[in-house]
Structure formats: C-alpha cells, structure tokens
Amino acid sequence: PEPNVPVDALILDLEDAVGVDAKDVARENACAAAASGEYGRRELTIRVNGIGTQWHEADLAAACAAGPDAIVVPKVDSADLVRSLVATMERHGAPEHTTLWAMIETPVAMLHAEEIAGASDRLSVLVMGTNDLAKELYAEHVPGRQPLLTGLGLALLAQANHLRIATALDVEHAVVGPPVLVVADEPALGVGGKRRLAGAAEAEEERGVAVGAGKTVKWLFGW
C-alpha cells in the first residue's frame, strides 16, 4: 500500500487475500513494508498463514524479523497455543513492541476465550472471526447476528476481565462479492471496548473497509 494511505492502522494479509502461487512474494513484500519505516505512526500488523499450513513457520519467522506492531494469527483455539506462539516469536527475535493478535473464530476458541485472553502479556488483541465461526456453527448471517451472540459475548467478557487487551474486533467477511474486512459497530454489545468503531465506507474503493473513532483498521488485498 501507499505510505500515505488514509488509515490509522494496516493489516498486511498473507492468508486469505493471497493465492497459493503468490505466498512467497507476498511475504517478502509485506515484511519489507513493515520494516521500511515509511508508514509513520500508523499501526502496522501482518497476518500470517495459520498453524499447520506449509507457510506458517516461514511467515512467522519473517514477520518477527520485520518487527511490525503486531502479528495476527488465525484460529487460535487455546491458551497453550498462545504461549507456544509467544515462545516462537521470542525465539525468532521479535522486538518487544511486536505483540500478538489472536483470531478466535471457532466454537472451541470462544468457549476458552478467557483462558486465551489471560495466556500471555504479549497478547494485545482478540480478533473475533465471525465468518468462520458462522460456518462452524452451520449458521446464517442474519441481522443482529443472533446465532453468534453467545460466542461474541464470551469473547467480550474475556476482554473485560483482562484490561491489558486494548480492544476486541468483530470481523466478518462479505458473503457476496470481493472479500472485505468489516469491523462492526455494536455499541449495545460493547464491541470495541474503549474504542467505538464506526464509519465503514471510506475505503471501499480499495477493497477494504476503514473504521474510525480511535482506531482505523483496513484490510489490504493482493500483494
């Protein structure tokens, strides 16, 4: 992305946004961007491929070397997995400022959200992946997201009990059309904690969705 992209934070995606044949190039480009220092005070994170994929270890090692503000890891289902990821980050020499964002997006992760939240001081954000959660529940995306509320509530309770976690993002992908990041504004549920999330239209033209009022998070596709 351009260094002057009008957002407060960036998630550089190596997972769903990148085809199999482009994984290595995407890793190089994302890590170069994170290490460049060209993005000023913007919060810069890298989402790696999930544990168990053929790209995860190389992604995590490269991201640690690049030293972004955070590394986003999909499908973190247990406290043990958090501790293992943190140990691996330390082994790869990740700078102290590089924290872990854990995506909790399965029923088992939601049921263990409090344990996950308390597993390490290096964990700074719980990212609630509602699209994958809905798939695992065989649920439909409906107004108000009734099938998902129990899981979202458990994650929010976990966040409230661990105030060092700055925010919990409610993430879902568009069901129709190009995938985008939607960070929902759900003040009635408390999503976002101290950071109320709103204003999701600013970046649609770049296949991402920006949210404002304290944090702007944007998903960028196709390195």
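**Exercise 1. Contacts along the chain**

Task: For this predicted model, state what share of the contacts with a separation of 6 or more comes from residues 24 or more positions apart.

Solution: Take the contacts in the protein with a separation of 6 or more; residues 24 or more positions apart account for 67% of them. For the setting, the secondary structure consists of seven helices and eight strands. Of the 223 residues, 51% are buried. The protein exposes about 10200 Å², with carbon and sulfur atoms supplying 52% of that area.

**Exercise 2. A glycine in a loop**

Task: Locate Gly50 and decide whether Gly50 is buried or exposed.

Solution: 
1. Gly50 sits in the loop that runs between strand E2 (43-47) and helix H2 (56-66).
2. The relative accessible area of Gly50 is 9%. The cut-off for buried is under 20%, so Gly50 counts as buried.
3. Setting aside neighbours within four places in sequence, the contacts of Gly50 are Glu15, His56 and Pro74.
4. Lys75 lies 25 residues from Gly50 along the chain, and the C-alpha atoms of the two are 6.8 Å apart.

**Exercise 3. Two cysteines**

Task: Determine how many disulfides the whole structure holds, and explain the result for Cys31.

Solution: 
1. A disulfide requires cysteine sulfur atoms within 2.5 Å.
2. The cysteine sulfur closest to that of Cys31 belongs to Cys64, at 9.3 Å, which is too far for a bond.
3. Cys64 is likewise in no disulfide, as its nearest cysteine sulfur is that of Cys31.
4. The search of the whole structure finds zero disulfides.
5. As for burial, Cys31 has a relative accessible area of 10% and is buried; Cys64, at 0%, is buried too.

**Exercise 4. Helix H7**

Task: Check the span of helix H7 (residues 149-160) against expectation, then work out where its buried residues lie around the axis.

Solution: 
1. The expectation uses one less than the number of residues.
2. The buried residues of H7 are Gly151, Leu152, Ala155, Leu156, Ala158 and Gln159.
3. Viewed down the axis of H7, these buried residues fall within an arc of 155 degrees, so they line one face of the helix.
4. An α-helix has 3.6 residues a turn, so residues three or four places apart point the same way.
5. Thr150, Leu157 and Ala160 are exposed on the other side of H7.

Technical notes:
Residues numbered from 1 in each chain as written. Predicted model: local features only at pLDDT ≥ 70, side-chain atom pairs only at ≥ 80, totals over all residues. Heavy atoms only, no water. Helix = DSSP H or I, 4+ residues; strand = E, 2+ residues; numbered from the N terminus. Buried < 20%, exposed > 50% of the residue type's maximum accessible area, 1.4 Å probe, protein only. Contact = heavy atoms within 4.5 Å. Areas by Shrake-Rupley, 256 points an atom, 1.4 Å probe, with all protein chains shown as cover. Expected span 1.5 Å × (residues − 1). Arc of directions from axis to C-beta.
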